[in-house]
Amino acid sequence: MMPTAQASPGAPVRLDTRHLPNAIRLCPQVISGGLPEGDEAFAELAELGVRTIVSVDGARPDVAAAERHGLRYVHLPHGYDGISQQRARELAKAVATLPGPIYIHCHHGKHRSPAAAVVACVETGLLAQQNALGVLSLAGTSPNYRGLYRAAESAQRIDPAELDALLVEFHSIVELPPMADAMVAIDQTTERLKQIAAAGWKPPAAHPDLDPAHEALLLREHFTELARQPDCQARSEAFRAGVAANETAAGKLETALREGQSPAVYDEAFQQTQRVCVDCHRKFRDVPRD
């Protein structure tokens, strides 16, 4: 595959790919992009010379498809709200030690994977810090994901000796309790939005760093991710409908906040998410086990 545009050595470039969404080569060792789906996508990765795939998405990687094309999968998921220092070190270790080139992906390849690739490449010295935000811009990473931008902006080269000493056990699939994790994240974001609502839909005095629209965006993304989880997809139609309804309501809240609509609109959208949650808990969570 040839880049669609010329660039100086070391500068990130977009790749012209058929089956890999939003593929960007940050450096000879690392490509960022979206979810490879189907044998054609894994074959294209092999054509690009990729040997290891790192998923930062919460969904279960298709390890069998990767193995059919001689590719190794490593699962290092993180959220939209940023990248922890531990996860950043693990990403850097993966890039520094696993067979490359390495393809780092999330679902769409626009937000989490470019941020993860930037952090890994900067920390291993494969990408200059001054090029970090350019990668996010090239990938189309929304500036609303401030935690991802913060991770990219704060990434620094790691002492190679420190990276050598870091012990990481890589797994092709990380068995997460997705439903429990999702509910905790939803509860935490909801509590922050309650504080914002109580402050008249402005950052509360106790937490002036909270951004109302950003918190609404995170709430929407929590429901989007929850809907994609196998645990959710295996549940009843009524449960899935509740998740979809809350994703829509949270999206309306985010849009209203970004457009500067009235507090009454904010209240109604937020209260809708609360009504759906209460009803869902009553039907599915607060019932005795068989």
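**Figure 1. Pairing of strands E2 and E3 in the predicted model.** Arginine 25 has isoleucine 31 of E3 as its bridge partner. Strand E2, residues 24–27, runs antiparallel to E3, and three bridges link the pair.

**Figure 2. Strand E3 and its parallel neighbour E6.** Strand E6 spans residues 102–105 and is joined to E3 by four bridges in the parallel sense. Valine 30 is paired in E6 with isoleucine 102. Strand E3, residues 30–33, is covered on both faces. Val30 and Ser32 lie buried on one side, while Ile31 and Gly33 lie buried on the other.

**Figure 3. Surroundings of glycine 33.** Glycine 33 belongs to strand E3. Its relative accessibility is 0%, and it is therefore classed as buried. With neighbours within four places in sequence set aside, glycine 33 contacts Pro21, Asn22 and Ala23, as well as Tyr103, Ile104, His105, Cys106, Gly109 and Ser113. Isoleucine 104 stands 71 residues away from glycine 33 along the chain, yet the C-alpha atoms of these two residues are separated by 6.4 Å.

**Figure 4. Packing of helix H4 with helix H6.** The axes of H4 (residues 112–123) and H6 (residues 146–154) come within 8 Å and cross at roughly 15°. Angles under 35 degrees count as roughly parallel, and the two helices H4 and H6 are therefore described as roughly parallel to each other. Their crossing, H4 with H6, is left-handed. Helix H4 contributes Arg112, Ala115, Val118 and Val119 to the contact, and helix H6 contributes Leu148, Ala151 and Ala152. Of the residues in this contact between H4 and H6, six are nonpolar, one is charged and none is polar.

Figure 5. Apart from neighbours within four places in sequence, the residues in contact with glutamate 215 are Thr189, Arg192, Leu193, Ile196 and Leu210. Asparagine 144 is 71 residues from glutamate 215 along the chain, and the separation of their C-alpha atoms is 9.7 Å.

How values were computed: Residues numbered from 1 in each chain as written. Predicted model: local features only at pLDDT ≥ 70, side-chain atom pairs only at ≥ 80, totals over all residues. Heavy atoms only, no water. Buried < 20%, exposed > 50% of the residue type's maximum accessible area, 1.4 Å probe, protein only. Pairing = 2+ DSSP bridges. Axes fitted to C-alpha atoms, helices over the stretch in contact; angles between N-to-C directions. Parallel < 35°, antiparallel > 145°, perpendicular 65-115°, else oblique. Left-handed = near helix turned anticlockwise from the far one by under 90°. Contact = heavy atoms within 4.5 Å. Nonpolar A, V, L, I, M, F, W, Y, C, P; charged D, E, K, R; others polar.
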